[in-house]
Amino acid sequence: MDKQQILLISFGQFEQDLLQQIAAEVQAVFGIPVEVESGYADLSKFYDPARRQYDGNLLIQFIHSEYGADHRKTIGLFRVDLFIPILTYIIGQAIYKGNAGVVSVFRLKSELYGLKKDDDLLFDRFVKEIIHELGHTFGLTHCISPACVMRPSTYIEDVDQKEAAFCAKCRKKLGETR
Ligand SMILES: [Zn+2]
Ligand SMILES: [Zn+2]
């Protein structure tokens, strides 16, 4: 099988140190090389003025067409509030068994919920959601195991309840798809 790779592309202001730490965590979980790049996009094209949010589906299409051709599993990292038409907001989204996904830190920030800013917690949450969306690109569906990273996260509490790791069942399935 081809050597698989993961690419994380940042859109917006992210500290390089932070991105490298995220890459290291993701690489440890999947056991394949993870690269980080800075992306450039005119985000105004994805902005929905009525909702004051950015269209997650269009952004995934953009990432797929711009970066998906080389078959790397590519996740766009954003700071802006993302949505898809059927939902109020999304933390992340990815194409099942595809090469593209998106995750935003916007809904992961404690400040948004009237709580104190917590960079360590934000990092943990961001890593979990990136692993989760990558899981979808590798063919994993949602899992009901309480601590599994493939458990769906609608609310921030859901993110905090799970771990940045796959349960035994998901890990086995991941091994079979790669
Ligand atoms: Zn999911
Ligand atoms: Zn699981």
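Strand 3 and strand 4 (residues 53-55) run antiparallel to each other and pair over two bridges. Within that pairing, Y47 sits opposite Y54 of strand 4. Keep in mind that this is a predicted model.

Now for the metal. Which residues supply the protein donors of the zinc ion (ligand 2)? They are C143, C148, C167 and C170, each through its SG atom, lying 2.3 Å from the ion. Along the chain, these donor residues follow the spacing C-x4-C-x18-C-x2-C.

The angles among the four donor atoms of the zinc ion (ligand 2) come out at 107 to 113°, and the site is tetrahedral. For reference, the ideal angle for four tetrahedral donors is 109.5 degrees.

How accessible are the donors? Here are two of them:

| Residue | Relative accessible area | Class |
|---|---|---|
| C143 | 7% | buried |
| C148 | 1% | buried |

The cut-off for buried is under 20% relative accessible area. C143 has 7%, so C143 counts as buried, and C148 does too because its relative accessibility is 1%.

Definitions and conventions. Residues numbered from 1 in each chain as written. Chains lettered and ligands numbered in written order. Predicted model: local features only at pLDDT ≥ 70, side-chain atom pairs only at ≥ 80, totals over all residues. Heavy atoms only, no water. Pairing = 2+ DSSP bridges. Helix = DSSP H or I, 4+ residues; strand = E, 2+ residues; numbered from the N terminus. Donors = N, O, S within 2.8 Å, 3.2 Å for Na, K, Ca; no water. Tetrahedral: all angles 85-135°; square planar, octahedral: opposite > 155°, others 65-115°. Buried < 20%, exposed > 50% of the residue type's maximum accessible area, 1.4 Å probe, protein only.
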